[in-house]
Amino acid sequence: MQEKLKAIVNDALEKMKSAEQLDSLNDIKVAYLGKKGELTEILKSMKEVAPEDRPKVGQMVNDARTVIEEKLEEAMQGFVKKLKEEQIKRETIDVTLPAKRPLMGHRHPNSIALEEVERIFVGMGYEVVEGPEVEYDYYNFEALNIPANHPAKDEQDTFYVNSNILLRTQTSPVQVRMMEEGKLPIRMIAPGRVFRSDEVDATHSPCFNQIEGLVIDKNITFADLKGTLAEFAKQLFGEGTKVKFRPHHFPFTEPSAEVDVTCFKCGGKGCRFCKGSGWIEILGCGMVHPNVLRMSGIDPNEYTGFAFGVGLERITLLKYEIDDMRLLYENDIRFLKQF
């Protein structure tokens, strides 16, 4: 029995020496000291040993267990120490190295353009007002002089939640809500997202941003509208910018016009950017239709006003000479880093 225990101990020690990882030591512990280990099996066979020899044999087994446990503990401590040293080497920080500069985000070109437009109009005494993107058909169409089955609805075919609720096609409903409050005079711009079922291409998207303006007061004339937009164009595109008004039709304004500005690349001489015309279209405008004033509870005989609307993306594309609207939404970091 003594020779057998000695052989078991020597065999365990040899395996410990050849162990290359901590898991191997755990396997050795289970193999010799576990419930089905070799020393445990010897203890189970004590019934076969003569009664007078059992204390002696039991002592020999315990001595062998003690030797194996101590050597296992030493080996495990050695592995733990070695692993800790390797971890320290691996995680050492060289404090002399230059620090890594964190990447800082910045404003999107749309946000830069919007803040500039807001700055211009706030400087002229306007208020910035926002409204719901999910809107009632009444505010989006009927209150703007576009009744059911009106042809203008075909031009703004949009996303309906049900027959009475839709994703707004313009920010004009915000103007209607402000007029209904009856707090006159009104000088406001309404920026925000709008939705139309347009195909995605270089100049169209089913989701884009609009900035619409409204002024309601006594004795407001078309001259006020022209002066306001001329000043806006000069501040946005440069002091030498001129504006041109072309007659147009909008259901909610009368008279209505589309506004062109002199090309800021060639100064109106004609170039590739303005397609040789010297002018670039930027927005639509007009005097608020009497029906719109009436439906919002404002007397058109006492008050008049003007309204205008411009696509934020259009301003951004023109200002930064971007030729494809899709670049604004693709989130390509190489493109966005230019602003």
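Predicted model: local features only at pLDDT ≥ 70, side-chain atom pairs only at ≥ 80, totals over all residues.
Arg326 is partly exposed, with a relative accessible area of 33%.

## The overall layout

Stepping back to the whole chain, the domain assignment gives domain 1 at residues 1-91 and domain 2 at residues 109-337. The centres of domain 1 and domain 2, taken over C-alpha atoms, are separated by 85 Å.

UniProt, in an unreviewed entry, places the feature "domain: Aminoacyl-transfer RNA synthetases class-II family profile" at residues 117-330. Over residues 117-330 the chain is 26% helix and 30% strand.

## The nonpolar cores

Which residues touch the most other members of the largest nonpolar core? They are Phe232, Leu283, Cys285, Phe306 and Phe308, out of 32 residues in that core. At least two residues of this core come from each of helix 5 (109-123), strand 5 (207-217), helix 9 (222-237), strand 7 (253-262), strand 8 (279-288), strand 9 (304-311) and helix 11 (312-319). Helix 9 gives the most, with six residues.

There is also a second, separate core of 25 residues, which includes Tyr139, Met179, Val292 and Ala307.

## A closer look at helix 9

Just after helix 9 comes Gly238, which takes a positive phi of about 130 degrees.

Several residues of helix 9 are buried: Leu225, Thr228, Leu229, Ala230, Phe232, Ala233, Leu236 and Phe237. What do the buried residues of helix 9 pack against? Their partners are helix 5, strand 6, strand 7, strand 8, strand 9 and helix 11. Phe232 gives a detailed view: leaving aside its neighbours within four places in sequence, Phe232 is in contact with Val117, Ile120, Phe121, Leu283 and Ile315.

## Salt bridges across the chain

How many salt bridges does the structure hold? The count is 12. One of them joins the side chains of Glu135 and Arg177, at 2.6 Å from N to O. Glu135 sits in strand 2 (residues 134-136) and Arg177 in helix 8, so this pair links distant parts of the chain, 42 residues apart. Glu135 is buried, at 1% relative accessibility, whereas Arg177 is partly exposed, at 28%.

Another salt bridge brings together the side chains of Arg246 and Asp260, at 2.7 Å from N to O. Because Arg246 lies in strand 6 (residues 243-250) and Asp260 in strand 7, the pair ties together parts that are 14 residues apart in sequence. Arg246 is partly exposed, with a relative accessible area of 28%, while Asp260 is buried, at 6%. Arg246 and Asp260 also belong to a network of salt bridges that links them with Glu258 and Glu281.

## Thr169, a buried loop residue

Is Thr169 buried or exposed? With a relative accessible area of 0%, Thr169 is buried. Thr169 is found in the loop between strand 3 (165-167) and helix 8 (172-181).

What surrounds this residue? Apart from its neighbours within four places in sequence, Thr169 is in contact with Asn140, Phe141, Gln156, Thr158, Val194, Phe195, Arg196 and Gln210.

Which residue does UniProt list for "binding site"? An unreviewed entry there names Glu254. In this model, Glu254 lies in strand 7.

Glu254 is partly exposed, with a relative accessible area of 48%. Leaving aside its neighbours within four places in sequence, Glu254 is in contact with Met287 and His289.

Methods:
Residues numbered from 1 in each chain as written. Heavy atoms only, no water. Domains from an automatic or database assignment. UniProt positions renumbered as here; feature names shortened; annotations may be inferred. Helix = DSSP H or I, 4+ residues; strand = E, 2+ residues; numbered from the N terminus. Core = buried A, V, L, I, M, F, W, Y, C linked by side-chain atoms within 4.5 Å. Buried < 20%, exposed > 50% of the residue type's maximum accessible area, 1.4 Å probe, protein only. Contact = heavy atoms within 4.5 Å. Salt bridge = Lys/Arg side-chain N within 4 Å of Asp/Glu carboxyl O.
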